[in-house]
Amino acid sequence: MRIGNVQLETNLLLAPIARYCDLAFRTICREQGGVGLACTDLLSPQGLLRGTQTSLELAHTNDFDTPICMQLYGSDPKIMAEGAKWAQDHGATIIDINMGCPVDKVTKKDGGSKLMCDIPRAMHIAEAVTRVISVPLTCKMRLGWTEEDKQRNVAGTLACQLIDGGAAAITVHGRTTEQKFSGEADLPGIKRVVDTVRAHVGDRVPVIGNGDITSPEAAQRMLRETTCDGIMIGRGALSKPWIFRDCWAHLQGNAVPAQPSDAAQIEMIRRFFDLMLRYRSERAAMNQIRQRISLMGKHIAGGHCKALKEAIRTAASPDDVHQALYGFLAGILTPMHQNDVSGSNAPVYPRASVG
């Protein structure tokens, strides 16, 4: 798939998942294979321009992390344009405008999917951004704010206007803002946007489908039923960073590889944690591994690794995290008593030596 002047190796994209898409996680997904384009976490242009630590950490990239799309959210055309120029100057291969985030803290400031309720503002932002960047611009949206918006094909109308304003690709999440992440992605709704764009500009501008891609079969269904050009995978990658590898194999007519072994999954978690320590702070790494271990450990031991998850959630230091991971592989990570871990008496785990 091609976006503007950028040729992707696959048509599978890692979504800009809020609080999850830092460089460490993007690296893990890329290392498994199949990723055509990865997106950063949502980036505040004000944060980038002020040089705040969190914004700079979320935008951090390197030579392996390419091609990279930096997604900006906001509602001020001037600030969004300045943020886009900053992103281009700091390694962005593609710039994306967030027009799909349903979270209150974004929409209450007229950003995210609220832009779908104010098409003139959305257009002003897109036009301001395209004037200052030379890399391709893309826009990610939903099917509308309400069910009525979806029925009126607001997304299709906005997509065509954005393309006329310079957008090189459109991504559509198959839900309305009111739905947030409930229910199922509306594939006929995505197809309607695809058909509208094709009637407007032919196949010159790709439309990417997003929503509920948790397996190779779901990816195939998205392509078949919407006729979209590419697929963006978000939440489905959080517990299976190898989903891009599997989907790409399936879409190419090849056998889907076996699920990574428990040892390989433990290694992914260890590497993710070590990359977090390298690219962010120890505090951020500890907070993130505690929050993510339930998802990242979902497929280890058939989902039966409660002791490992609890050991990491209660870890006090990076050494404790490594001890828990090595202890699980050594087969010695088992609770020594069964007290309620939500109370003051948390389980005590044997410690493995790290060689």
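Me: How do you know what length to expect of helix α4 (residues 77-89), and what does the model show?
Reply: The expected span is 1.5 Å times one less than the number of residues. Helix α4 has 13 residues and covers 18 Å from first to last C-alpha, close to the 18 Å expected. It counts as a helix under the rule that helices are DSSP runs of H or I with at least four residues, strands being runs of E with at least two, numbered from the N terminus.

A word on the ground rules: this is a predicted model, where local features need pLDDT of at least 70 and side-chain atom pairs pLDDT 80 or more, while totals for chains, interfaces and linings use all residues. Residues are numbered from 1 along each chain as its sequence is written, and side-chain values use heavy atoms, leaving out hydrogens and water.

Me: Which residues of α4 are buried, and what covers them?
Reply: M80, A81, G83, A84, W86, A87 and Q88 are buried (under 20% relative accessible area; exposed is over 50%, partly exposed in between, with a 1.4 Å probe and protein chains only). Their cover includes α2, α3, β5, β6 and α6, judged by contact, meaning heavy atoms within 4.5 Å.

Me: What makes K114 a charge over the ring of W145?
Reply: The rule asks for NZ of Lys or CZ of Arg within 6 Å of the ring centre and within 35 degrees of the ring normal. K114 lies over the face of W145 at 6.0 Å from the centre. R142 sits over the ring of F181, 5.0 Å from its centre.

Me: How do you know that strands β4 and β5 pair?
Reply: Pairing takes at least two bridges found by DSSP. Strand β4 (residues 37-43) and strand β5 (residues 68-72) have four, in the parallel sense, so they pair under that rule. Within this pairing, C39 stands opposite C69 in β5.
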